[in-house]
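Subject: Structure handover

Dear colleague,

Here is the structure I promised to pass on. My notes on what was found in it follow below.

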Amino acid sequence: MTKSLLEEVMTVSLRRGILYPTAEIYGGLAGFYDFGPIGTRIRNNLIRLWRTRFVENRDNVFEVSGNTLLPSPVFEASGHLDHFTDPSASCSKGHITRIDQLIEERLKIPAEGKRNDELEAIVREKKLRCPVCGDPLGEVTSFGLMFGTSVGGERRQAFLRPETAQNIFLGFKRVQTAMRAKLPFGVAQIGRSYRNEISPRQSIVRVREFGQMEIEYFVDPDQLDECPLFEELAPIPLNFVTREAQEKAAKQSATDFTSIQISVQEAFEKKYVPNQWMACILGDEVEFFKLLGIPDQAIRFRHMRPEETPHYSGGNFDLEVNLSFGWKEVIGNAYRRDHDLKSHMKGSQKDLSYDLEGAKVIPHVLEPSFGIDRLIYAILEHTYRPQDKTRGWNWFQLPPQLAPYHGVVLPLLNRSELEERATTLYSVCRGQGLDVLYDASGRIGRRYARADEIGIPKAVTIDPQSLEDQTATIRYRDTGDQTRHLISEIPNLLKLQHDFSSFFRLSPKP
Ligand code: GAP
């Protein structure tokens with residue numbers, strides 16, 4: 001039987017230390033994966049790129065690092081305790097099924113956001129049954145997605161955060177006063193979030209513990225159409241799925257939506273998005289994606305339908321990536337208005353307003369929320385290259401900025417003079433801050449394969465000629481071509497691919 005793309009990606013990932021199930025030797029725990037040494041390098045590189053572009057290169061974005069366990073009143077105020085649920089139903093054998101997903105998969109109709117009674121009516125009418133055992137399904141109820149626990153001797157109720165965003169709202173006043181931040185400013189956080197998903201699936205695409213990189217941009221409600229990045233981002237094209245396109249597709253029972261191409265400027269001026277800030281956030285993401293190895297045509301922004309959008313939102317626009325099992329949300333972009341700060345003002349009885357020249361203002365919030373794990377899976381799938389006639393192994397064409405190492409140094413033969421020369425080069429590269437790997441074991445072809453499999457862009461080989469003329473070959477992962485260079489030039493040649501200047505050109509001054 002041929003493997004699906006997901007299975008192929010996972011086979012290499014498991015073998016090469018990118019990912020593996022958590023507690024695998026005890027049979028694992030559904031919805032939990034660990035990143036291995038190679039996956040951790042890729043993950044760290046992704047985080048580094050994100051942080052460089054969206055935090056360090058911006059004068060008015062501040063990064064915080066909050067705890068993952070938060071007291072219950074936080075989630076009473078935010079609404080998560082009452083509303084952060086998924087519709088579910090059990091069969092007589094106790095299997096729990098997420099009903100909106102079951103309906104979408106079986107009947108190919110949108111079901112997210114429908115009320116439990118509406119979903120139950122569909123289940124009865126279409127005679128949907130438990131996908132595990134085929135038994136009839138019971139009542140559709142709301143399944144709480146947060147993991148709860150109790151803290152200390154007094155057993156105070158607390159929950160693992162389902163999004164990193166809440167710490168940002170809780171610390172808003174501290175950050176604003178400590179940094180003397182003036183609107184508009186952003187607070188960013190990279191960290192872990194937890195959701196007790198009813199049916200985790202597709203490796204790290206839907207898991208119960210995952211990483212998020214979120215920014216809350218706090219903006220004067222009167223200046224939502226004055227984003228400092230607009231001029232730069234205005235021409236960037238966006239693949240955009242309107243609500244109308246989704247309604248049309250639903251009427252025609254079509255399984256996919258037509259997207260249109262509009263610029264950031266048009267998205268704002270023709271009111272596809274609620275404000276200029278949102279248009280810029282989408283354009284900024286398109287620019288970021290250029291570095292990730294995911295082609296432009298494989299990303300689109302979908303305007304979430306009303307039933308998928310929280311009542312307080314001024315518009316949600318998911319960045320979706322086309323994967324082998326359909327379009328999947330990888331970034332949630334939301335215009336949250338003043339909902340969060342207002343809710344926490346009410347819940348905590350603390351003043352979280354901003355002093356705008358003597359007037360008390362509750363800033364409005366725009367939030368791009370990146371899922372780290374989903375993004376890594378999307379990158380792996382889009383950079384995966386199956387073996388072919390010229391290359392007898394599967395490999396990843398990872399962009400050099402994401403690759404786990406800049407290069408690998410290989411002595412061609414098991415001879416001490418070659419190994420000595422190779423280890424010296426390896427040390428020189430490391431001394432210059434390059435992340436290089438040294439690999440002396442096995443046939444050279446096998447070593448090229450191992451390097452390709454984890455996406456290392458360049459392999460440097462020290463061979464007998466190196467001893468005579470102080471040169472070495474560089475083999476390029478993408479083409480398999482080789483060129484010969486002076487060994488003294490090699491560190492610089494490995495470095496060249498890491499020129500970020502064009503990528504990080506945006507640096508607005510306040
Ligand atoms: N603060 C807003 C927020 O959390 P979201 O759309 O629920 O918004 C943002 O989540 C991103 O987090 C998603 O686009 C996705 O990449 C990631 N994410 C959410 N649930 C996930 C899960 N169960 N497994 C993996 N990633 C998930």
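A residue counts as buried here if its relative accessible area is under 20%. F169 has a relative accessible area of 0%, so F169 is buried. Please keep in mind throughout that this is a predicted model.

F169 sits in helix α7, which covers residues 165-170. Leaving out residues up to four places away in sequence, F169 touches E216, F218, R336, D340, L341, H344, L352 and V365. K342 is 173 residues away from F169 in sequence, yet the C-alpha atoms of the two are 9.8 Å apart in space.

Next, the domains. The protein is divided into domain 1 (36-71 + 157-382), domain 2 (85-144) and domain 3 (395-494). Between the C-alpha centres of domain 1 and domain 2 the distance is 29 Å. Domain 1 gives 10 residues to the contact with domain 2, and domain 2 gives 13 residues.

In soluble globular proteins, nonpolar side chains tend to be buried together. In this model the largest nonpolar core has 85 residues, and L46, W50, F289 and L292 have the most contacts inside it. Helix α12 (residues 276-289) supplies the largest share of this core, with 9 residues. At least three residues of the core come from domain 1 (36-71 + 157-382), and at least three from domain 3 (395-494). As for L46, its contacts beyond four places in sequence are M213, F288, L292, I372, L375, I376, I379 and L402. There is also a second, separate core of 16 residues, which includes F172, V175, F218 and V365. Two members of that second core, F218 and V365, are also among the residues that F169 touches.

Then the strands. How many of the residues of strand β10 (residues 185-194) are buried? The count is 9 of 10, and the strand is mostly covered. β10 pairs with strand β3 (residues 61-64) in the parallel sense, over 4 bridges. In that pairing V61 stands opposite G186 of β10. With strand β11 (residues 209-219), β10 pairs in the antiparallel sense over 10 bridges. There the bridge partner of G191 is Q212 in β11.

The ligand has 20 residues around it, and E163, E197, V207, E214 and E329 come nearest.

- E329: an N or O atom of the side chain is 2.6 Å from an oxygen atom of the ligand.
- E367: an N or O atom of the side chain is 3.0 Å from a nitrogen atom of the ligand.
- G371: a backbone N or O atom is 3.3 Å from an oxygen atom of the ligand.

Is T473 buried or exposed? Its relative accessible area is 9%, so T473 is buried. Not counting residues up to four places away in sequence, T473 touches A459, V460, T461, D463, Q482, T483 and R484.

Regards

Key. Residues are numbered from 1 along each chain as its sequence is written. This is a predicted model: local features need pLDDT of at least 70, side-chain atom pairs count only at pLDDT 80 or more; totals for chains, interfaces and linings use all residues. Side-chain values use heavy atoms; hydrogens and water are left out. A nonpolar core is a set of buried Ala, Val, Leu, Ile, Met, Phe, Trp, Tyr and Cys residues joined through side-chain atoms within 4.5 Å. Buried means under 20% relative accessible area, exposed over 50%, partly exposed in between (1.4 Å probe, protein chains only). Helices (H or I, at least four residues) and strands (E, at least two) are DSSP runs, numbered from the N terminus. Domain bounds come from an automatic or database domain assignment. Contact means heavy atoms within 4.5 Å. Two strands pair if DSSP finds at least two bridges between them. A residue is near a molecule or strand if one of its heavy atoms lies within 4 Å of it. A polar contact is a pair of N or O atoms within 3.5 Å; within protein, one must be able to donate a hydrogen and the other to accept it, and residues adjacent in sequence count only if both atoms are side-chain atoms.
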